[in-house]
Amino acid sequence: MSGADDTGRRWSIGELARASGVTVRALYHYDEIGLLTAGERTSSGHRRYTERDLRRLYRIRALRTFGLSLEKIADVLADPADDLVSMRDLLTAQLHGLEAHAVRIQQLTHRVRGLLERIDSGSAPDPDQFMTTLEMMSVFETSFTAEQREQLARRRAELGPQAVEAAKTEWAGLVEELLRHVQDDTPVDDPQVQDLAGRWDALAGRFHQDGEEGEPTKAVARRMWEENSEELGRSLPWPSDRMRALVHYLERIRQARRPG
């Protein structure tokens, strides 16, 4: 992957389209906007793509899976680097995204397998099991854009399974503590309650990108809980009405610490 001229195989636009899953029309468009231009032309003017072009197309495809627009991809690829280090960084990021996606598939597989086991044992699955799975899938997919879902998946992959499990344990402890304050109707400006809410928000923040990039997904996640707490609560060990009350309590706490 050095800067030397390619001396290996060449691909026609049709061959590259079939191999990559990118349509010929898309490849023409990439050429028109300067995103991917065939490195060579035949004497009759037909495009011939080189190994370097193939590597660039791989980058384009990988970056598209991260939810980047073609304009943003062009900015990323403006860096002329075409070495092993840059390709390794891209492949590592792509692997993290795939691993996170695999975790989601595994979770869904576990749910479906549970339904099948109920059927195999001669008993019909509880309709609530179907509804809970459908509702959670629908809530997640309709609340976040494809790009935001990829951001969340990459973040979970970056944290790693141990950190994710530790966060789940910490979150369960916060739920128990806050539910006690909900039951006791502790004033929302109480220092202990304010500290618990701060820890809650900090814990949730670990699963989002740092800085301004993470604010959109944080806002969507919070709204998702506020609007769908009953559906989401069905998969949790606490009653839905208590979780709904907790979500409202947290919002009152946040309002209490806002200036003005």
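Helices (H or I, at least four residues) and strands (E, at least two) are taken here as DSSP runs, numbered from the N terminus. The structure is a predicted model, in which local features need pLDDT of at least 70 and side-chain atom pairs count only at pLDDT 80 or more, while totals for chains, interfaces and linings use all residues. Residues are numbered from 1 along each chain as its sequence is written, and side-chain values use heavy atoms, with hydrogens and water left out.

On these terms the protein has eleven helices and two strands, and their order along the sequence is α-α-β-β-α-α-α-α-α-α-α-α-α. Helix α5 (84-120) is the element in which Leu116 is found. Leu116 is partly exposed, with a relative accessible area of 46%; on this scale, buried means under 20%, exposed over 50% and partly exposed in between (1.4 Å probe, protein chains only). Together with Val112 and Ile119, Leu116 forms a nonpolar patch on the surface, and the three residues have about 250 Å² of accessible area together. Such patches are made of residues with over 30% relative accessible area and no salt bridge, with nonpolar side chains (Val, Leu, Ile, Met, Phe, Trp, Tyr) joined within 5 Å and like charges within 9 Å. Accessible areas come from the Shrake-Rupley method with a 1.4 Å probe, and for residues only the protein chains shown count as cover.

Turning to the interior, 34% of the 260 residues count as buried. In soluble globular proteins, nonpolar side chains tend to be buried together. A nonpolar core is defined here as a set of buried Ala, Val, Leu, Ile, Met, Phe, Trp, Tyr and Cys residues joined through side-chain atoms within 4.5 Å. The largest such core has 20 residues, and those with the most contacts inside it are Leu27, Tyr30, Leu36, Tyr49, Leu57 and Ile60. Two or more residues each are given to this core by α1 (13-20), α2 (24-32), α3 (51-65) and α5, and the largest share, four residues, comes from α3. Contact means heavy atoms within 4.5 Å; leaving aside neighbours within four places in sequence, Ile60 is in contact with Tyr30, Leu35, Leu36, Ile73 and Leu77. A second, separate core of 19 residues includes Val193, Phe207, Met243 and Leu246. Among contacts in the protein with a separation of 6 or more, 64% are between residues 24 or more positions apart.

The aromatic residues come next. A search of the whole structure finds one aromatic pair, Trp171 with Trp200, which is tilted, at 5.7 Å centre to centre and 50° between the planes. Rings of Phe, Tyr and Trp (its six-membered ring) pair if their centres lie within 6.5 Å; planes under 30 degrees apart count as stacked, over 60 as edge-to-face and the rest as tilted. The pair links distant parts of the chain, as Trp171 lies in helix α8 (residues 161-184) and Trp200 in helix α9 (residues 191-205), 29 residues apart. Trp200 counts as buried, at 13% relative accessibility.

Charged pairs complete the picture. A salt bridge is a side-chain nitrogen of Lys or Arg within 4 Å of a carboxyl oxygen of Asp or Glu, and by this rule the count comes to six. Asp31 and Arg47 meet in one of them, with an N to O distance of 2.7 Å. This pair joins distant parts of the chain, with Asp31 in helix α2 and Arg47 in strand β2 (residues 47-48), 16 residues apart. Asp31 counts as buried at 14% relative accessibility, and Arg47 counts as buried at 19%.

Another salt bridge brings together the side chains of Arg206 and Glu170 (3.1 Å, N to O). Arg206 lies in the loop between α9 and α10 (215-233) and Glu170 in helix α8, so the pair ties together parts that are 36 residues apart in sequence. Arg206 is partly exposed at 37% relative accessible area, and Glu170 is partly exposed at 28%. Arg206 is also touched by Leu159, as are Val164 and Phe207, not counting residues up to four places away in sequence.

Finally, Glu251 forms a salt bridge with Arg254, the closest N and O atoms being 3.6 Å apart. Both residues are buried, and salt bridges that share partners join Asp201, Glu251 and Arg254 into one network.
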